[in-house]
Amino acid sequence: MIKVLVRISFVLYFYHTFGFMRKLSAPNVLLVLSDDQDVELHDKHWLVRSAQHLSNDSVFTIDKYFQRRWETLLAVDEMMVTLVTVLNETQCLDNTYIIFTSDNGYHLGQFAQPFDKRQPYDTDIKVPLLIRGPGVPAGRLMDMPVSLVDLTPTILEWVGLSVPNYIDGRSFKSELLKEQQKNKKLQFSKQRVLLIEYWGEGNDDTYNPACPGHRTDHLAQCTLDADCHCQDSWNNTYTCIRDFRYNLDRIYCEFRDTENFLEAYDLHQDPYQLQNIVYELLPMERALYGLLLQNLTKCTGRTCNI
Ligand SMILES: [Ca+2]
């Protein structure tokens, strides 16, 4: 019998705040301050655009959180040793897949957003995905884009079951287990678009009476730890397309706010998503992304695999 284990943790890559940028220097979790550079927020949606400059106290708090999040990985390391030891002792290691991933990323200071996970930027939506198990070559790095919804059909195929048509996502079992040789199927699997969605959670109950504002503003995550910065709201709601087709790496987002705001980034040219290029796209490209979003937010199961 094949067993599948899922464990969750977080890996953070970069840390930068409004006005300056810091880069993680592993393995000592050393934060290095780089040259000052102002990050423009005018082309971001309203919740990010309205951010205040982070105070020194907030930066100190974010530093602490950054360190503590790395420290939590020490417990994950310990857990993995225990887990693999037990699997080995019970002679289950050779037929067990271990998946290490997360259901969200996390930002710490980027775009003056103190600490949260509700923005459509790579800090918040990109997660680690490590898999160990039978037939998976050690140390192999795959650059095929996959989403967490792809795990369910992959796991079903691992255990020898067929994938029902109503299941979202696409199995990447064959790509994962495949020899390193290039073939047409592997190339085809990079021609994907992925859907990213978030629904803002602000309502009457998310009001923080210790912070400015009113209950009816429907703001949320207004934290005293960061000068009452509100990190979510009722209309921090968006759908995005991540487009990997034709050697692109683009994201296009539509917000359901009072402005119907649009954001798009070319991740090849602009990995930190500093310049919103949505109005540099051709009108036809925006229209096609809009249609794709309409389809992907309504479709289910196999019909989404375009
Ligand atoms: Ca989570």
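**Notebook: contacts, sheet and core**

I began with the contacts: of those in the protein with a separation of 6 or more, 55% are between residues 24 or more positions apart. Here two residues are in contact if their C-beta atoms, placed from the backbone, lie within 7 Å.

A note to myself on the source: this is a predicted model, where local features need pLDDT of at least 70, side-chain atom pairs count only at pLDDT 80 or more, and totals for chains, interfaces and linings use all residues. Residues are numbered from 1 along each chain as its sequence is written.

**Confidence**

I looked up pLDDT, the predictor's confidence in each residue from 0 to 100. The mean for the protein is 85, and 84% of its residues reach 70 or more. Over residues 1-37 the pLDDT is below 50, though this stretch has 75 contacts in the model beyond near neighbours in sequence. Where pLDDT is low, the predicted coordinates should not be read in detail.

**Overall make-up**

I find 7 helices and 14 strands in the protein. Helices (H or I, at least four residues) and strands (E, at least two) are DSSP runs, numbered from the N terminus. Of the 306 residues, 23% count as buried. A residue is buried if 20 or more other C-beta atoms lie within 10 Å of its own, exposed if 12 or fewer, and partly exposed in between, with C-beta atoms placed from the backbone.

Next I traced an open, antiparallel sheet of 4 strands in the order 9-12-13-14. Strands pair if DSSP finds at least two bridges between them. Strand 9 (193-198) and strand 14 (262-266) are the edge strands, each pairing on one side only. From one strand to the next, the twist averages 15°; axes are lines fitted to C-alpha atoms, for helices over the stretch in contact, and angles run from 0 to 180 degrees between N-to-C directions.

I then checked strand 13 (residues 250-255), which 5 bridges join to strand 14. Arg250 has Asp266 as its bridge partner, and Tyr252 stands opposite Ala264. These two strands form a hairpin with 6 residues between them, and Asn260 in the turn has a positive phi of about 45°. Helix 7 (residues 283-298) lies across strand 9, strand 12 (238-243) and strand 13, at about 110° to strand 12.

**The core**

Which residues have the most contacts inside the largest nonpolar core? They are Tyr238, Cys240, Ile241, Ile251, Tyr252, Cys253 and Ala264, in a core of 14 residues. Strands 9, 12, 13 and 14 and helix 7 each supply at least two residues of this core, with the largest share, 4 residues, coming from strand 13. A nonpolar core is a set of buried Ala, Val, Leu, Ile, Met, Phe, Trp, Tyr and Cys residues joined through C-beta atoms within 7 Å. Leaving out residues up to four places away in sequence, Tyr238 touches Pro120, Tyr198, Cys253, Glu254, Phe255 and Arg256.

**Helix 2 and the loop after it**

Last, I looked at helix 2, whose buried residues are Ser58, Thr61, Ile62 and Phe66. Just after this helix, Gln91 takes a positive phi of about 55°. Asp94 sits in the loop between helix 2 (56-89) and strand 5 (96-101). Is Asp94 buried or exposed? Asp94 counts as exposed because it has 9 C-beta neighbours inside 10 Å.
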